[in-house]
Amino acid sequence: MKTIPEINEKIKKGEAVVLTAEKMKELVANDGVEKAAKEVDVVTTGIFNLACSSGAFLNFGHSDPPIKFGGGEVSLNDVPCYAGLDAVDTYIGVTQVSRSLGMEYGGGHVLQDLVDKKAVTLEAHAYGTDSHPKTHIKTDITLQDLNQAIMVCPRSGHQRYACTNSSDATLYTHLGALLPNYENIIYSGNGELSPLANDPDFDTIGIGTRIFLAGAQGYIIGEGTFHDPKDGMGSLMVKGDLKKMNSKYLRAATLTNYGSSIFLGIGIPIPILNEQIAKKTAIRDEKITIPIYDFSVSSRSRPIVKEISYAELKKGKVAIDGTTSKCSPISSIPLAREIMGELKSLIEKGEFLLGEPIERLSTEKSVRTMKHEIIRVGKHMEKPLLCEATDSLKVIAKEMISKSLNNAIVVDNEDNLIGMISSLDLTKGLLNDKSKISEVMRTNILTATTTEAVETIARRMTHHQISTMPVLDEQNKVVGIVSLENLSKLLGRHKGLGISLQAKFERR
Amino acid sequence: MSKRVILQFPMNLSKDPLLSETILKTGATFNIIKTEINSTKAEILGDVIASDEKIEEFIRILKRRGVIIKMIDSVLLFSRNACVDCGLCVSLCPTQALLLNKDFTLKLELDNCILCQKCVVNCPVRAFKYQA
Ligand code: SF4
Ligand code: SF4
């Protein structure tokens, strides 16, 4: 049994025994837990992951005459910042995108530019008051010019799942591009090196734990948002001084056709206070299994294709349904190793003391989903014109004209889907002297089901450039038809925003 | 010596005999990396492998026959400093051009590259640049 103050005394004297997580695992395997627990004082863990929830609080100091950002508009390098704080404070989030460059340049890029000592243009519009009369400011600032630049990452260290794509189109996600037909798997987290894999029950990691945050010394300030320890998805809220960070461990990122973000390196020291803690740090990749989700189902309850260990993922190839998928981490393992090494040497040199947690993090909580009504296709479909393959073209054409419909759905006598026919197909058929529906109908039709969300269906239609889709019920019977036009009206301007971002990227 | 080139055959030239004739005449080897044919032209990307003089002769002959030749010094530029070894590009690369070393650093085998640009488009830190 050791205590944190005892270990800190050893660190100050330069006598602490510090091992990286990898070396600790070897030691336990070779010499056993008892010996390792006695000999080792600290194990360093590390992770270099996308940290999409992060951002920074910045204070610029007062202008002359004073300006009050609050209630106005603030941007840095044309990336909008939050203007609901006080006079000269703002918050910039890493996923916010530039008004002129779109997702190629976002809040994360602003933060990296600041850390790289580059000048960044601050622009603000204010409404002006007696005490703060200035209404507009535009000036170039560097990190040095700021009073405070405090990085906060409300959710970190939690990622541990993989994703793939069973559909026939590439999907652009928050973990990168997923190729069609299970061609690749992308996994987040790095398995046995990561802090929460080595202290899964928060025995030592708590509020007040001092950490290595992108080159600076930072702190854990609470449980992370989405903290879900019951499901093995605990998360941490951390903060650190941006002014002391190093862009080797803080890298702006753009996930193509998804958005901008940041890669952030975090190192957490685990004090080996007793044998139980030592034993937990001995965990290996073989024992850490994570789910591979199929992201082609764009609903929150994505199906799990397979449960798999990090050891298998790290081999680079995994078989799914008879196809071999190439695996990519997205969390840098080499940088995680550098972080563990750098933290180890800081502790050995007496430059990094352990923080004693003042409060433990919950090990009980679980996560809720957003309270809202799902807009399902079933409520927004129209009544389709149904016909059979043997029907006459002329009869159906007449019916479509009289009802001013552009499409008819071909079914069998039990309402099972056979095909579809548009007014264009009809015209072509009539011009070519065809007489039966079966001669001109299209088969191989993409469909929606009544319970799917309208957003999912609108995306699927845009993706495949189709304007209408038959809707099937749970028994696979045709019960309706939806058009992209109607769904777009329903979804309003949000849909438009998504498209404009994509267009910006494609133009570049 | 090896030189990477893009050969553009205007549609009035039949590409296959012309290319094989030139290969025969110069004794050069031509490794095709990628072909693209549309209604106005046929384009071939490849490496000419021969001595320096023979490469020059190869190019001279084709030029005289009306083929437009673009010399490519490096088509895919990679910035080691920008790369964070996240490994994302590895599973997107359709060939064996991007791999991971044992220590999970990125390993480039650009001889296998077919210039599909998947890495250029998807690398989160934009470590690859395509130079046409
Ligand atoms: S995707 Fe970019 S950063 Fe990641 S390994 Fe490939 S080149 Fe490096
Ligand atoms: S351009 Fe395509 S083939 Fe070449 S390295 Fe990049 S992904 Fe691989």
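**Figure 1. Order of the secondary-structure elements in chain B of the predicted model.** Read from the N terminus, the elements of chain B follow one another as β-α-β-β-α-β-β-α-β-β-α-β, which gives 4 helices and 8 strands; helices (H or I, at least four residues) and strands (E, at least two) are DSSP runs, numbered from the N terminus. The model is predicted, and for that reason local features need pLDDT of at least 70 and side-chain atom pairs count only at pLDDT 80 or more, whereas totals for chains, interfaces and linings use all residues. Residues are numbered from 1 along each chain as its sequence is written, chains are lettered from A and ligands numbered from 1 in the order in which they are written, and side-chain values use heavy atoms, with hydrogens and water left out.

Figure 2. Along the principal axes, the C-alpha atoms of chain B fill a box of roughly 50 × 35 × 20 Å. Of its 132 residues, 45% count as buried, where buried means under 20% relative accessible area, exposed over 50%, and partly exposed in between (1.4 Å probe, protein chains only). Chain B exposes about 6,900 Å², of which carbon and sulfur atoms supply 52%; accessible areas come from the Shrake-Rupley method with a 1.4 Å probe, and for residues only the protein chains shown count as cover. Among the contacts in chain B between residues at least 6 apart in sequence, 61% join residues at least 24 apart, a contact being heavy atoms within 4.5 Å.

**Figure 3. Surroundings of ligand 1.** The shell around ligand 1 holds 13 residues, and the closest are B:C83, B:C86, B:G87, B:C89 and B:C123; a residue is near a molecule or strand if one of its heavy atoms lies within 4 Å of it. By class, this shell has 11 nonpolar, 1 polar and 1 charged residues, with Ala, Val, Leu, Ile, Met, Phe, Trp, Tyr, Cys and Pro counted as nonpolar, Asp, Glu, Lys and Arg as charged, and the others, Gly among them, as polar.

**Figure 4. B:N122 and its contacts in both chains.** B:N122 belongs to helix α4 of chain B, residues 118-122, and is buried, with a relative accessible area of 8%. A polar atom of the B:N122 side chain lies 3.0 Å from the backbone oxygen of B:K118. Leaving aside residues up to four places away in sequence, B:N122 touches B:L88 and B:L92 as well as A:Y172, A:A177 and A:T256.

Figure 5. The side chains of B:E57 and B:K54 meet in a salt bridge with an N to O distance of 3.7 Å, a salt bridge being a side-chain nitrogen of Lys or Arg within 4 Å of a carboxyl oxygen of Asp or Glu. Both residues lie in helix α2 (residues 52-64) of chain B, 3 residues apart, about one turn of the helix. An α-helix has 3.6 residues a turn, so residues three or four places apart point the same way. B:E57 is partly exposed at a relative accessible area of 21%, and B:K54 is likewise partly exposed, at 33%.

**Figure 6. Salt bridges of chain A.** Over all chains, the count comes to 27 salt bridges. In one of them, A:D203 pairs with A:K280, the closest N and O atoms being 2.7 Å apart. This pair links distant parts of the chain, 77 residues apart, with A:D203 in the loop between α5 (195-198) and β16 (206-207) and A:K280 in helix α6 (residues 275-280). A:D203 counts as partly exposed at 30% relative accessibility, as does A:K280 at 25%. In another salt bridge, the closest N and O atoms of A:K244 and A:D241 are 3.7 Å apart; A:K244 is exposed at 59% relative accessibility, whereas A:D241 is partly exposed at 27%.

**Figure 7. Helix α12 of chain A.** In helix α12 (residues 454-464) of chain A, the residues A:V454, A:T456, A:I457, A:A458 and A:M461 are buried. Just after this helix, A:Q465 takes a positive phi of about 50 degrees.

Note on methods
A polar contact is a pair of N or O atoms within 3.5 Å; within protein, one must be able to donate a hydrogen and the other to accept it, and residues adjacent in sequence count only if both atoms are side-chain atoms.
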